[in-house]
Amino acid sequence: MFMMHFRENAPLYQLHELQYAAIGPLRAFAGAAKHLHSNPFSPLTYTGFGRHVAAAAEVIERITTRYGKPDFEITHTTVDGRHVDIEEEIIEEGPFCRLLHFKKSKGLGQPKLLLVSPMSGHHATLLRGTVEAMLPFADVYITDWVDARYISMAYGKFDLEDYIAHTIHYMKQLSPDLHVMAVCQPSVPVLIAASVLNQASDPDAPASMILIGGPVDARVNPTKVNLMALEHPMDWFESRMITRVPFNYPGFMRRVYPGFMQLASFINLNLERHIDAHVDMFKHLVQGDGESAAAHRKFYDEYLSVADLPAEFYLECIGKVFQQFLLPQGKFDYEGELVTPKAITKTALLTLEGELDDISGVGQTEAAQTLCSGLSASMKHHHMQKGVGHYGIFNGRKFKEHVVPIIVDFMKKREKARG
């Protein structure tokens, strides 16, 4: 018992909860000040002083609040110029993940696409733009991982092998003729899952896999994130980054890597950019630029909404992916058997990278092309998108205009080849 408490940062979560409670009065005061100085019935609203106070109060309120899990809020799409309604349905629900389907009101016979979302501190809704961009061209499903703070200890652990097992299960459930897309961190487990199914000559192996900005080989062009993982031994991560869920959540006593720590790490990578963004929001509010302020709110409502990761999964990802590089070295095993990507012969491969990616460096995802040596040249393709960073390779204007057509064309060629 002594060693258990020694090897983890036990009071960290409790201190975070205490801090949040302590700044409650400030948050409430800021909210009241914002409403008082922006109410259309208050004369203060129409003064320069009132606009400055309301703007400052909103910024304070937003940076001290806690953001819940957002909804996808996707109600329709356009297919070949036609309006098509979308209904979000749960295909399967387990303690650690929900499989969601964006069901179209009309059966269009589109190819099935499973979007495997990252379990990396943000919710699956971070890929809302990815889903919206693919809906006109595919029948889209997505993995919606559950925040670990809400998962009872009764359901046991969840590690990297469990993540791979879930991915394989969903691949088999949605087969045949399934295309699988992995964004960032799941590029590794998706490649492993496809390898396992191909090695077993399983007829449910996916038709293709699309790996986007993932650390398949984190030794290539290491970023700050990669280097940070190498700076410390595993004991450091376990003692500094792992804590237990406090009593006021269903996951009480579950060991987790808290989402608020992941968020702090990402913000510190680009601290000046985030400070400037909030300063700009203050200016937009004072100037009455509602459109720019709304865009800021929309982005940060999503970005600041975080989830806890099961400790076992987080630590294994650090060790196996970012420190030992087991997969690119041919040393990763799943359920006791060595994973061999060169055994992939049925699942075509598309890798996508962003020129300015500061999370997964250029070349880390492309490494999958070399690992999948059993695929013919006609079943492999790589694209590096210029002028985009990590987020831009799976979301935004350049993704829609330049990357989506490549994905759609790749899927169509695979459909035609399978025929």
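Buried here means under 20% relative accessible area, exposed means over 50%, and partly exposed lies in between (1.4 Å probe, protein chains only). Helices (H or I, at least four residues) and strands (E, at least two) are DSSP runs, numbered from the N terminus. The model is predicted, so local features need pLDDT of at least 70 and side-chain atom pairs count only at pLDDT 80 or more, while totals for chains, interfaces and linings use all residues. Residues are numbered from 1 along each chain as its sequence is written, and side-chain values use heavy atoms, with hydrogens and water left out.

**Helix 13**
- Ten of the 13 residues of helix 13 (residues 311–323) are buried, so the rest of the structure largely encloses this helix.
- Just after helix 13 comes Phe325, with a positive phi of about 50°.

- Two bridges join strand 9 and strand 10 in the antiparallel sense, and Tyr257 has Leu309 in strand 10 as its bridge partner.

**Tyr170 in helix 6**
- Tyr170 sits in helix 6 and is buried, at a relative accessible area of 2%.
- Beyond its neighbours within four places in sequence, Tyr170 is in contact with Glu92, Cys97, Leu99, Leu114, Thr143 and Leu178; contact means heavy atoms within 4.5 Å.
- Of these, take Leu99: Tyr170 and Leu99 are 71 residues apart in sequence and 7.9 Å apart in space, C-alpha to C-alpha.

**Met253**
- Met253 lies in the loop between strand 8 (243–244) and strand 9 (255–257).
- With a relative accessible area of 30%, Met253 is partly exposed.

**The protein overall**
- The protein has 15 helices and 14 strands, and 53% of its 419 residues count as buried.
- Among contacts between residues at least 6 apart in sequence, 77% join residues at least 24 apart.

Technical notes:
Two strands pair if DSSP finds at least two bridges between them.
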